[in-house]
Amino acid sequence: MPFLLETKDLTKRFGGLTAVDHVSFGVGAGEVVALLGDNGAGKSTLIKMISGVYRPDAGDIFLEGKKVEIDTPMDAIAHGIETIYQDLALAENIDVSSNIFLGREKTRKVLGFIDILHNDYMVKESKRILDNLDIVIPSLKANIRNLSGGQRQAVAISRSIYWNAKVLIMDEPTAALGIAEQKKVLVIVSSFKNRV
Ligand SMILES: Nc1ncnc2c1ncn2[C@@H]1O[C@H](COP(=O)(O)OP(=O)(O)OP(=O)(O)O)[C@@H](O)[C@H]1O
Ligand SMILES: [Mg+2]
C-alpha cells in the first residue's frame, strides 16, 4: 500500500536560510501524524509546500504513490488536501455557514437565469455536518467573531471535512485554546480518523 501522502527530500530556502532541509515522510490513510519541532524549525513551511502556498526548491510530493505538482492552494484543494493554517483562516465578520461555504457558495436560479445565494441549503448542510461531528454552535447565524477559539477551530475542521478532504493538515490547531477546547478538538480529530 503506498502512503496516502508522501514527501521526498522536500527542501525550501529563504535566501541564505534553509527552512526545510530534505524532509521525507509519509502518512497513511486513517493515520493521525503529529509533527513536533521548536519555533522556527520549519513546520509551517513544510505544510505550506504541501498546501501549495510555497513552491519547494527541491524534492517531490506524492499522493497515493503518484507524483503531483502542487503549484497553488487551489491545486492542493483539487487533490483533496485541506489546510487549516496557524492563523485561522475564517472570515470574522460573516456567519458559520457562510464560512463553511466561503468561496464555494451554493447558488440557485430565480426567474430562470439570475443566480442568488441558496442560504437555506447552506445553513441546512452546515447544520448537518456540525451535528455529524457532535459540534454544538449556539447559532449558525452567529458571526465567527462571537465564537470561542474552540468553536472556531471546530468550524474550520467541519469546513475541511465537508469538502471531502482526503488529507487534513492543521498547523498548531490547539495553540490558542483552553484545556477543555483542546480536548474537544482532539476528539474531533479522532472521529475524523474513524471515518476512513
Ligand atoms: N516567508 C518567509 N520568508 C523568509 N523566512 C521565512 C519565511 N517563512 C518562514 N521563514 C523562516 O523559516 C524558518 C521556519 O519557519 P516556520 O514558520 O516554518 O517555523 P515553524 O516550525 O512553523 O515555527 P513555529 O513553531 O514558531 O510556528 C524560520 O527561521 C522563519 O524565520
Ligand atoms: Mg509554525
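Helices (H or I, at least four residues) and strands (E, at least two) are taken as DSSP runs and numbered from the N terminus. The structure described here is a predicted model, in which local features need pLDDT of at least 70 and side-chain atom pairs count only at pLDDT 80 or more, while totals for chains, interfaces and linings use all residues. Residues are numbered from 1 along each chain as its sequence is written, chains are lettered from A and ligands numbered from 1 in the order in which they are written, and side-chain values use heavy atoms, with hydrogens and water left out.

Strand β1 holds T7, T11 and F14. Burial is expressed as relative accessible area (buried under 20%, exposed over 50%, partly exposed in between; 1.4 Å probe, protein chains only). T7 is buried, with a relative accessible area of 0%. Its side chain comes to 2.9 Å from the backbone oxygen of V23. This falls under the rule for a polar contact (a pair of N or O atoms within 3.5 Å; within protein, one must be able to donate a hydrogen and the other to accept it, and residues adjacent in sequence count only if both atoms are side-chain atoms). T11 is likewise buried, at 1% relative accessibility. The C-alpha atoms of T11 and D21 are 4.8 Å apart in space, and the two residues are ten apart in sequence. For F14 and N39, 25 residues apart in sequence, the C-alpha to C-alpha distance is 16 Å.

Aromatic contacts were then examined. A pair of aromatic rings is described by the distance of the centres and the angle of the planes. Rings of Phe, Tyr and Trp (its six-membered ring) pair if their centres lie within 6.5 Å; planes under 30 degrees apart count as stacked, over 60 as edge-to-face and the rest as tilted. By this rule there are two aromatic pairs. F14 and Y54 form an edge-to-face pair, because their ring centres are 5.3 Å apart and their planes stand at 75°. F14 lies in strand β1 (residues 5–14) and Y54 in the loop between α1 (43–50) and β3 (58–63), so the pair ties together parts that are 40 residues apart in sequence. Both residues are partly exposed, F14 at 36% relative accessibility and Y54 at 26%.

The pair of F101 and Y121 is also edge-to-face, with 6.4 Å from centre to centre and 65° between the planes. F101 belongs to the loop between α3 (96–100) and β6 (107–110), and Y121 to helix α4 (residues 119–132), so this pair ties together parts that are 20 residues apart in sequence. F101 is buried, at 2% relative accessibility, whereas Y121 is partly exposed, at 26%.

The charged end of K106 sits over the ring of Y121, at 4.9 Å from the ring centre. The charged end of K8 sits over the ring of F62, at 4.6 Å from its centre.

Ligand 1 has 14 residues around it, of which G40, G42, K43, S44 and T45 come nearest. A residue is counted as near if one of its heavy atoms lies within 4 Å. This shell divides into five nonpolar, six polar and three charged residues. In that division Ala, Val, Leu, Ile, Met, Phe, Trp, Tyr, Cys and Pro count as nonpolar, Asp, Glu, Lys and Arg as charged, and the others, Gly among them, as polar. A nitrogen atom of ligand 1 lies 3.1 Å from a side-chain N or O atom of Y54. Taken alone, ligand 1 exposes 640 Å², and the protein buries 63% of that. These areas come from the Shrake-Rupley method with a 1.4 Å probe. The elements that give two or more residues to the shell are β2 (17–27) and α1. The largest share, three residues, comes from α1.

H22, in strand β2, has a positive phi near 50° and is not a glycine. H22 is partly exposed, with a relative accessible area of 47%. L111, in the loop between β6 and β7 (114–117), has a positive phi of about 55°, again without being a glycine. L111 is exposed, at 72% relative accessibility.

Conventions
A charge sits over a ring if NZ of Lys or CZ of Arg is within 6 Å of the ring centre and within 35 degrees of the ring normal.
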